[in-house]
Amino acid sequence: MSSSKKLKIACVQLRSRDVEERQESLREALEGIREASGFGVQMVVLPEAVFPGYVLDRWSEDPDSPDESRRALESFRESAMGNGVYLAVGLALHKNGRWINGAVLIDPDGNIILEEGKRFLWHFDDRWFGKSHSYDLADTPWGKIGLSICADARNPEVLRNLSRKGADLVLDLANLTSSGKDADLLSNQQVNFMLPVRAFENCVWIAMANKSGMENRSVVYCGRSGIYDPLGRSVAALGSKDPGVLVEQIDLSNRPSMVPLKEGICAPLIEKKKPHFQGEATVVMVSLAQLDWDSLVVLNRVKSFVRQAWLQKADLLVLSPLSDSDEMESLAMELLLDLSRSYENMWIVFARENGPKGPISWSIRDGQVCNVSLGTHGHGLGDTVPVIRTDIGAWGISIGEDGYVPEVSRIQAIKGAEMLVWFAPDGPMTEHLARSRAAENKLFVVAAASASVGGSLIASPDGAILSQAFVGEDQMISALCPLCLSREKSVVPGTDVLLDRSPEDNIFRNR
């Protein structure tokens, strides 16, 4: 067995077809494998539901359909052998009298070395598919490989379990949907920010194969099959409109390490319950002041921002994280307490990422410190995940590397946070992380970065950017946040981001 961890991999983007055209779908998939093997690849990844399709409808009830599925699987095994490649393919599998939205990894000898089922069912596919998930990994010459199926990658727990079991590479077999008037410009939340975040927070490679085109005259796929490295960077991608083969050589050695998780905070993750919301949902005006606390001159700018927030009727003002200075912390605290006495009924939240007590934040109002929260991860000393309940709603606090750990925001959502305030460290992933945390938990996110890094933003519960600051400038941004949107956790009918996260599968349950 080779010791090299350099893998030449192909993602085959197929044209979507209706289930009535399933034999044509199979033919095109086999041709795609042959085309990919011609580039000398060692592994080929196909999309979700290659056979017979995604919208099964009455085909799933046909007594001949289980035999059709088995014959299609046999064709893929023969193709893997004939082309001398590892092959990952998604297809409907009939198991124990029911259908699962399945994925298999086949080795060059035609052996099925990994079989997986989709756990996070999406919208209407539970009409014919049942949940199934093993979180098993396959040993290969390049490292350990896991399988993910489409919406599973929206759910941070799925890839988190795979990475904690030792996955080096996750093959994501997808049917990512979209809409729009131009087929060349289609995209999807997972492509835009979630898949980069899944790779980054788990320090794994992800290779995603998707379909293009339209199925059943109603389900549109966005294409954009791609490969993401452990730093969350897109290293290769196809367009949205046409089928194609994406070929890339990746190196699975020397991966970075994840931020260590404090498992003591994880008890809420293994409970299946609805979040508890306190009081009536309110509409909150949120302002964010992006600045650099690099000199005493900035204190005058802070005075101006606080007044501007008050003039613009902000209920909550969040400031960029303080510099690593005891003197600045003392001066900022004195100033903000004084200002909050003058500008009544406005919450002011600020933080220091590197202080004597580690990451720490303060929430003040009307001249009083109403809450002090410690960061939990990185060099944080906190042992509980903070959720602050106020008369204008509940918000979670994350400081620095807390935002890199998906369990933190997940727990805050479970505890009933309607908003997440994240004091972001300097780094290139702030926007992707903020939008992903918003969409995967269905809550507002206020991400405050320094002005030198810039890009501070306020995101809605669907991950859309409501307001964003320029890079390199002191600036205040604002957005109106109807917190009722954070109380509805259905992302599509029948799919709830919290209730459908399958806590019974959490890797910490039996520890």
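Author: Start with Arg198, which forms a salt bridge with Glu201; their closest N and O atoms are 2.7 Å apart. A salt bridge here is a side-chain nitrogen of Lys or Arg within 4 Å of a carboxyl oxygen of Asp or Glu. This is a predicted model: local features need pLDDT of at least 70, side-chain atom pairs count only at pLDDT 80 or more, and totals for chains, interfaces and linings use all residues. Residues are numbered from 1 along each chain as its sequence is written, and side-chain values use heavy atoms, leaving out hydrogens and water.

Both partners, Arg198 and Glu201, lie in helix α4 (residues 189–202), three residues apart, about one turn of the helix. Helices are DSSP runs (H or I, at least four residues), numbered from the N terminus. Arg198 and Glu201 are both buried, meaning under 20% relative accessible area with a 1.4 Å probe, protein chains only; exposed is over 50%, and partly exposed is in between.

Elsewhere, shared partners link Arg17, Glu21, Glu24, Arg27 and Glu28 into one salt-bridge network. The whole structure holds 30 salt bridges.

Another pair is Glu68 with Arg22, with closest N and O atoms 2.8 Å apart. Glu68 sits in helix α2 (residues 65–83) and Arg22 in helix α1 (residues 22–37), so this pair ties together parts 46 residues apart in sequence. Glu68 is buried at 11% relative accessibility. Arg22 is buried too, at 19%.

Now take Asp139 and Lys144. Their salt bridge has closest N and O atoms 2.7 Å apart. Asp139 is exposed, at 58% relative accessibility. Lys144 is partly exposed, at 32%.

Notes
Helix = DSSP H or I, 4+ residues; strand = E, 2+ residues; numbered from the N terminus.
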